[in-house]
Amino acid sequence: MGTSGVRFLSLVKPFMFILPEVTSATKKIPVNEKMLWTSIVVFMYLVCCQIPLYGITNTKSSDPFYWMRVILASNKGTLMELGISPIVTSGLVMQLLAGSKIIDVDQGTKEDKTLFQGAQKLLGILITIAESVAYVLSGMYGDIKDLGAGNAILIICQLFTSGIIVICLDELLQKGYGIGSAISLFIATNVCESIVWKSFSPTTINTGRGTEFEGALIALFQLMITKTDKVRALQEAFYRQNLPNVTNLLATVLVFVLVVYFQGFQVELPITPAKTKGMAGQYYPIKLFYTSNMPIILQTALVSNLYFISQILYKRYPENIIIHVLGRWEEPEMSVSGQMRPVGGIAYYISPLNSFAEIVSDPVHALLYIIFILASCALFSKTWIQVSGTSASDVSKQLRDQQMVMKGFRASSMQRELNRYIPTAAAFGGMCIGALSIVADFMGAIGSGTGILLAVTTIYQSWETIRKESNGDAMKMFG
């Protein structure tokens, strides 16, 4: 191991004993028990999403992190304000450092693996502290003078404590007590909660045409019962503006089905033990979504940060021409949240269109948006396989270490053969993920294209895990 790698990981050793830790499972946890622990984790997350931060004075201003809420699984003004931001950021940073060989880590040794995980956890805690302080000092919860030192410190403590809870819940799942990871689970829960709420919300809103229910299905029944013209009632329920409608709900279901359908696309390469000829081999699957939902996560993170910077600069320098090139912002009419949206500049042309009517009215915007999404997702997907240890050379090395070879190929030629499939699957799969996101946005699906993709891929992977780990018990439970 390189000296620089040892020095870096050694710096973490003095902090290991103070880091919060969940003890690894000493025996195989039954699937039913894993599902129970996973349900408890989801319940705790949902509770934290509903508990408001004590001491804040301002919650009605435009949210600069609005565009990042989906991938951060966060909820403004609650204990889940930071969401999974600290663990996502620390995980990506450590993965990039290790994948690019800036730090030398041997994941095959228990000590290095433990120290690497400790470094990731320590970085997550430091990011939690930094973000908590930055949120308060930025005036997000009110002017610091109005809050007072006591309230400011109290808010920081609340954000820090909830951040530690999220880190521990993630580790609980990662250590084998649950299914998947908190990162994917919280994102999927956040998106599904939004879909359920916008379908069944009993909240009433005055839209100018009278009081209407926010939930699409609740509004459908209300309109069918209260209006004498049933055809007009159906038309309004399916196509009403500024509130969720039945068409949005059907589009969401369609995208769910499409994503699950494409999840099954894969190429299976036959592999056999290198030293046992004639023995029945196995298959190494290369899925169409080879990098899963990472392309859309990275693309959304990039765009969200651009939105954040553009919106902050535009508020401070609204007349600056250079700032206008980056993006112009305004609050839409009939907005109840006060949330600003891009109306010009780069930020506008890479923002999603939410209906086919918007495509017809601004085809240039639609074309540039499609090109940007497809190109960025393909690029991020190809880049991710290089830094995450899933490239052709990495897979070839893993197979050789396991004494496995591709059927009909020598160990020395496996990498060349894998290069025919993996980069193509990564790039094309990334473009397919981007295309599905575009279709979802154009059809007005509830929860945004990105959110639905993240939710569906997480649910599908969790279902696969349950199916593989159970001996039929879990299948019987679900019928």
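This is a predicted model: local features need pLDDT of at least 70, side-chain atom pairs count only at pLDDT 80 or more; totals for chains, interfaces and linings use all residues.
Gln95 belongs to helix H4, which covers residues 85-99. Leaving aside neighbours within four places in sequence, the residues in contact with Gln95 are Phe116, Trp384, Val387 and Ser388. Gln120 is 25 residues away from Gln95 in sequence, and the two C-alpha atoms are 9.1 Å apart in space.

Asn248 is found in helix H10, which is made of residues 246-263, and its relative accessibility of 15% is under the 20% limit, so Asn248 counts as buried. When residues up to four places away in sequence are not counted, Asn248 touches Leu243 as well as Met443, Gly444, Ala445 and Ile446. Between Asn248 and Ala216 there is a separation of 32 residues in sequence, while their C-alpha atoms are 8.5 Å apart in space.

## Salt bridges

Side chains of opposite charge can pair when their charged atoms come close. The structure holds nine salt bridges, and one of them joins the side chains of Lys175 and Glu171, with a distance of 2.9 Å from N to O.

Another salt bridge links Lys227 with Glu236, and here the closest N and O atoms are 4.0 Å apart. Lys227 counts as partly exposed at 31% relative accessibility, whereas Glu236 is buried, its relative accessible area being 18%. Glu417 and Arg420 also form a salt bridge, with 3.0 Å between the closest N and O atoms; Glu417 counts as buried at 9% relative accessibility, while Arg420, at 54%, counts as exposed. Elsewhere, salt bridges that share partners bring Glu21, Lys121, Glu171 and Lys175 together in one network.

## A buried aspartate without a salt bridge

Asp441 has its place in helix H18, residues 422-442. Asp441 is buried yet takes part in no salt bridge, and the nearest side chain of opposite charge, that of Lys198, is 11 Å away. A salt bridge needs a nitrogen and an oxygen within 4 Å.

## A nonpolar patch on the surface

On the surface, a nonpolar patch is formed by Leu36, Trp37, Ile40, Phe43, Met44, Val47, Ile51 and Ile165, and these residues have about 670 Å² of accessible area together. Helix H2, residues 31-50, supplies the largest share of the nonpolar patch, with six residues. Leu36, which is part of this patch, has its place in helix H2.

Definitions and conventions. Residues are numbered from 1 along each chain as its sequence is written. Side-chain values use heavy atoms; hydrogens and water are left out. Buried means under 20% relative accessible area, exposed over 50%, partly exposed in between (1.4 Å probe, protein chains only). Patches are made of residues with over 30% relative accessible area and no salt bridge: like charges are joined within 9 Å, nonpolar side chains (Val, Leu, Ile, Met, Phe, Trp, Tyr) within 5 Å. Accessible areas come from the Shrake-Rupley method with a 1.4 Å probe; for residues, only the protein chains shown count as cover. Helices (H or I, at least four residues) and strands (E, at least two) are DSSP runs, numbered from the N terminus. Lys and Arg count as positive and Asp and Glu as negative; His and the chain ends are not counted. Contact means heavy atoms within 4.5 Å.
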